[in-house]
Amino acid sequence: MKSVLRVNNVSKRAKDFQILNKVSFELGSGEITGLIGPNGAGKTSIMKILVGLTRNYTGEVDLSGVRDIGCMIETPNFYPYNTGYQNLMYFAGLNGVGKKKVKELLELLGLMEAANKNVRAYSLGMRQRLGIAQALLKDPDVLVLDEPTNGLDPEGIHEVREYIRKIASEKKITVLISSHLLGELEKMCDRAIMIKKGEIIQVMDLHNDGKEKQIIYVIESPDMETAQKVLRENGYHVVSQNGQEVRIKIGTNEKNAVAKLLASHNVVMTGLYEAGETLEDTFLELMKD
């Protein structure tokens, strides 16, 4: 995938505190990338650097492949007693954009029916979508969204997620999004960048990692003790075991070999299935000190 934006060795300090330390990553064209980390990890700092709100950093941000960046960092503010349409028209005027673009974005974000309602009557999910519409006014090729589903109920989260996916696919816009809701990011993103204490600790390909990386499989057997002994003796990575199951980390193509090995040692298996390790599992494991 063609890279549109590169961050190379970006560091940022504030007095004695290292906010970011040699952060490097690339964003591919039309890709949705999740930026994941606990509070204070440096997610918002990275986003502010990308959109030009922070200048005091070292390293390089290569935006030569970017025509324009749209952003929604923190909760968007609108005039509550004006309609959604009036608010967007105001910001459109500031950006030199006309009515046609405003109507197109209201349609794209599913806000046509609410366009003539005052924003104070909008749900939080509708306000977030209006904020995304505002960020898209200049037809950016990169969209930076900081916690766009923060504070939303499940229905609002679902609707914002679906519209972000729609934007990326229909408009071929590259999206960088941060969120605490890891399950949501997993459904939405192509890749996840995990950041801890200002450093990138892992980049996961959410579409391909499950096929290519080693996966945790659960083996169930009435003879757990023998099963885990045979597996360990034959060099398999036993992640955990208890009275009912053994968990091992293997490639998808090793599943049959494991079954044959246990059968050759007369170990009866009552189950062999993928544990389905989630983004959240990986995140929690990586965040341990």
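This is a predicted model: local features need pLDDT of at least 70, side-chain atom pairs count only at pLDDT 80 or more; totals for chains, interfaces and linings use all residues.
Is D139 buried, exposed or partly exposed? Residues are numbered from 1 along each chain as its sequence is written, and side-chain values use heavy atoms, with hydrogens and water left out.

Back to D139, then: at 36% relative accessibility, D139 counts as partly exposed. On this scale buried means under 20% relative accessible area, exposed means over 50%, and partly exposed is in between, with a 1.4 Å probe and protein chains only. D139 forms a salt bridge with K101, and the closest N and O atoms are 3.1 Å apart. A salt bridge here is a side-chain nitrogen of Lys or Arg within 4 Å of a carboxyl oxygen of Asp or Glu. This pair links distant parts of the chain, with D139 in the loop between α4 (124-135) and β6 (142-146) and K101 in helix α3, 38 residues apart. Helices are DSSP runs of H or I with at least four residues, strands are runs of E with at least two, and both are numbered from the N terminus.

K101 has another partner, E104, with the closest N and O atoms 3.4 Å apart. Both of those residues lie in helix α3 (residues 99-108), three residues apart, about one turn of the helix. K101 counts as buried at 12% relative accessibility, whereas E104 is partly exposed at 32%. Across the whole structure, the search finds 11 salt bridges.

Now for the rings. The whole structure holds three aromatic pairs. Rings of Phe, Tyr and Trp (its six-membered ring) pair if their centres lie within 6.5 Å; planes under 30 degrees apart count as stacked, over 60 as edge-to-face and the rest as tilted. F78 and F91 have ring centres 6.1 Å apart and planes at 80°, so this pair is edge-to-face. F78 lies in the loop between β5 (69-72) and α2 (84-94) and F91 in helix α2, so the pair ties together parts that are 13 residues apart in sequence. Both F78 and F91 are buried. Y90 and F91 also pair edge-to-face, at 5.2 Å centre to centre and 70° between the planes. Y90 is partly exposed, with a relative accessible area of 39%. Together, F78, Y79, Y90 and F91 form one aromatic cluster.

Let's move on to the strands. An open sheet of three strands has the order β2-β1-β4, with antiparallel pairing; two strands pair if DSSP finds at least two bridges between them. Why is one side of β2 and of β4 left without a neighbour in the sheet? β2 (17-28) and β4 (58-62) stand at the edges, and each has a single partner strand, so one side of each has no neighbour there. Eight bridges join β1 (residues 3-14) to β2, and R13 has Q18 in β2 as its bridge partner.

Last stop, helix α1 (residues 43-50): six of its eight residues are buried, so α1 is largely enclosed by the rest of the structure. Among those buried residues are I46, M47 and L50. After α1 comes G52, whose phi is positive, near 85°.
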